Amino acid sequence: MDVVGRKPHAIWMCFLLLINAAQSFYLPGVAPQDFFKGDLLKVKVNKLTSVKTQLPYSYYSLPYCKPEKIVDSAENLGEVLRGDRIENSPYVFKMREPQMCNVACRVTLDAKEAKEFKEKIDDEYQVNMILDNLPLVVPFKISHTDSLVYQHGFPVGFKGRYAGKKGESYFIYNHLVFTVKYHKDEETDAARIVGFEVKHFSVKHEYDGKWGDKTRLKTCDPHAKHIVTSSESPQELEDKKEIIFTYDVEFQESDVKWASRWDTYLYMADDQIHWFSIVNSLMIVLFLSGMVAMIMLRTLYRDISKYNQLETQEEAQEETGWKLVHGDVFRPPTNSDLLCVYVGTGVQFFGMILVTMIFAALGFLSPSNRGGLMTAMLLLWAFMGIFAGYASTRLYKMFKGTEWKKITLKTAFTFPGILFAIFFVLNALIWGEESSGAVPFGTMFVLVFLWFGISVPLVFVGSYIGFRKPAIENPVKTNKIPRQIPEQAWYMNPSFSILIGGILPFGAVFIELFFILTSIWLNQFYYIFGFLLLVFLILIVTCVEITVVLCYFQLCSEDYLWWWRSYLTSGSSALYLFLYAVFYFFTKLNITKPVSGVLYFGYMLIASYGFFVLTGTIGFYASYWFTMLIYSSVKID
């Protein structure tokens, strides 16, 4: 196979796919299903969600209409971790056969059940349903434009006041008008579902006589052409009050093809902001690239030429700048074991993020494949353990370490152990709230198996391979006695330069970060992985350039303690990420429950910690490559 000849062609193909991905190109997550007239359509129900509490609940945690037997749908690992609980429902209808005023069930609430409904209305919970893998949406128009926006799910109910009555009353949405949009094949008469929408109403249903199977409602009667079009006489939620749940079904033919049915769900009116984000990031990169080019081409070239032309002993004694510390620059740092662990973990994290983003940008992890993104990330994390072990022991051996098994265990358990401990505490809080977001015991066992059964053995395999290789040779020898570091200028203080170093990598990603946080915490789809992959590549370049620039300035001021400083310089961007998360919490979210606040900050702490090891490792390897390069370029006696 002519791999070399195909490389430019392959690069162009990847670039074109990336641009397509930025325009919401994706491969559908499931195979299309054809429905003929009269085929059964079964609506499934999913979790109840709220942006106020961030705690999902099972649909049947409220006394809604139940089918004869509740059947759970098979869910992947990502769906379970997201809190999805997909179950069957009493809403069953036939393809292209409209129905009106179907009674789903009649319920009489007791005081406890009425209170549960009221609590969910207070917390602004949304009811989520699914038909043929499409989520139920409520379409509404934006006032200043004609474009339609889709809200996921419909509210449980609403609060209102009766005229002349003090205090608020609670009302439930008990009449649903489903609209199923389909695309028909003219030849076979088969149809594929391309849209699932709902209008929700609150109606106090009335009927004559006693309730029975053949009772006809006065408030919703297709025979009398009396249909529900508003919530003028709403159904109040009170103890001992009966509620009749009803629904209509409409079918609409659509020009939208099955392959494009998610496009309306994923339509984003503000994609210009994403381009602005990329332009903003590129400006930062160009600024840094200019500085790096100046250092590399001008300053370094001049330095190396000057150092290599030193002839007399007197001139050699008057060495200044970075060459002066050549005998100490590769001296192992304090806590070198911990540095090896964090570098290995960062390599594992980098591999997971990069492969996930490439697959997502190519469309394999689109929102139609529910839970696919999280499942892929967890599996990739486990399999990337081999690179973590390899990277940590290669560095450990360079530091003249001999106990490779000890460093392997630390690499396998430090980062995942801290993450698992935080996750376990957060999960216990979710259990306490009786939310469906709590990870069941079986899933917890799967996570532990991924860690101990796959990741840990692979870390050992990687470590064994890495330790058997010959140690990396440094270009200069290390002196036995450490050189004294001269007093540094205030701007070269480690704390100051580390904090300054984190600003630019964070600045390159913060606009895209807003959209990611919105998709996670405000229940919106994030799908523009093409943009995200571009931003990620810009982040890598920014981390590399800022650490190289600051490492050069540090060595020029005769400070050779660059190992940890290079990791922390770009890694400090995680601190800004967490501070931005705090800002986002107080300005964009309406979270009121203390437990929900703890969940938010707990998960954002995990995200920031992951961002720290990712950016820190990129910065470390950039500085390591830079120091190896410059010290191998000068003649040292």
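**Cysteines, core and fold of a predicted model**

The sulfur of Cys 340 lies 17 Å from the closest cysteine sulfur, that of Cys 551, which is too far for a bond. A disulfide is taken here as a pair of cysteine sulfur atoms within 2.5 Å. Cys 340 has 0% relative accessibility and counts as buried. Buried means under 20% relative accessible area, exposed over 50%, and partly exposed in between (1.4 Å probe, protein chains only). Cys 556 is likewise in no disulfide; its nearest cysteine sulfur, in Cys 551, is 9.5 Å away. Cys 556 is partly exposed, at a relative accessible area of 29%.

The model is predicted: local features need pLDDT of at least 70, side-chain atom pairs count only at pLDDT 80 or more, and totals for chains, interfaces and linings use all residues. Residues are numbered from 1 along each chain as its sequence is written, and side-chain values use heavy atoms, with hydrogens and water left out.

The protein has 2 disulfides by the distance rule. Cys 65 is joined to Cys 105, with an S to S distance of 2.0 Å. The angle about this S-S bond is -75°, and the link is left-handed. Cys 65 lies in the loop between strand E1 (40–49) and helix H2 (77–82), and Cys 105 lies in strand E3 (residues 99–108), so the pair ties together parts that are 40 residues apart in sequence. Helices (H or I, at least four residues) and strands (E, at least two) are DSSP runs, numbered from the N terminus. Both Cys 65 and Cys 105 are buried.

The other link joins Cys 101 and Cys 220, whose sulfur atoms are 2.0 Å apart. It is left-handed, with -85° about the S-S bond. Cys 101 lies in strand E3, and Cys 220 in the loop between strand E12 (191–201) and strand E13 (235–236), so this pair ties together parts that are 119 residues apart in sequence. Cys 101 and Cys 220 are buried. With bonded cysteines counted along the chain, the disulfides follow the pattern 1-3, 2-4.

The protein has 17 helices and 14 strands. Its C-alpha atoms fill a box of roughly 115 × 55 × 50 Å along the principal axes. Of its 637 residues, 51% count as buried. Contact means heavy atoms within 4.5 Å. Among contacts with a separation of 6 or more, 81% are between residues 24 or more positions apart. The accessible surface is about 31400 Å², and carbon and sulfur atoms account for 62% of that area. Areas come from the Shrake-Rupley method with a 1.4 Å probe; for residues, only the protein chains shown count as cover.

The protein has 58 positive and 59 negative side chains, and the centres of the two sets lie 4 Å apart. Lys and Arg count as positive, Asp and Glu as negative; His and the chain ends are not counted. Each charge is placed at NZ of Lys, CZ of Arg, CG of Asp or CD of Glu.

The largest nonpolar core holds 144 residues. Such a core is a set of buried Ala, Val, Leu, Ile, Met, Phe, Trp, Tyr and Cys residues joined through side-chain atoms within 4.5 Å. Phe 93, Met 129, Phe 178 and Trp 563 have the most contacts inside it. Beyond its neighbours within four places in sequence, Phe 178 is in contact with residues including Tyr 91, Phe 93, Met 129, Leu 136 and Phe 196.

Pro 135 lies in strand E5 (residues 134–135). It is buried, with a relative accessible area of 12%. Residues up to four places away aside, Pro 135 touches Met 129, Ile 130, Phe 196, Trp 262, Tyr 265 and Phe 525. The C-alpha atoms of Pro 135 and Val 285 are separated by 40 Å, the two residues being 150 residues apart along the chain. Asn 133 lies in the loop between strand E4 (126–131) and E5. Although not a glycine, Asn 133 has a positive phi of about 70°. Asn 133 is buried, at a relative accessible area of 16%.

Asn 335 also has a positive phi, of about 50°, and is not a glycine. Asn 335 lies in the loop between helix H6 (313–317) and helix H7 (336–361). At 57% relative accessibility, Asn 335 is exposed.

Val 544 is in helix H14 (residues 529–556). Its relative accessibility of 27% makes it partly exposed. Not counting residues up to four places away in sequence, Val 544 touches Ile 618 and Ala 622.
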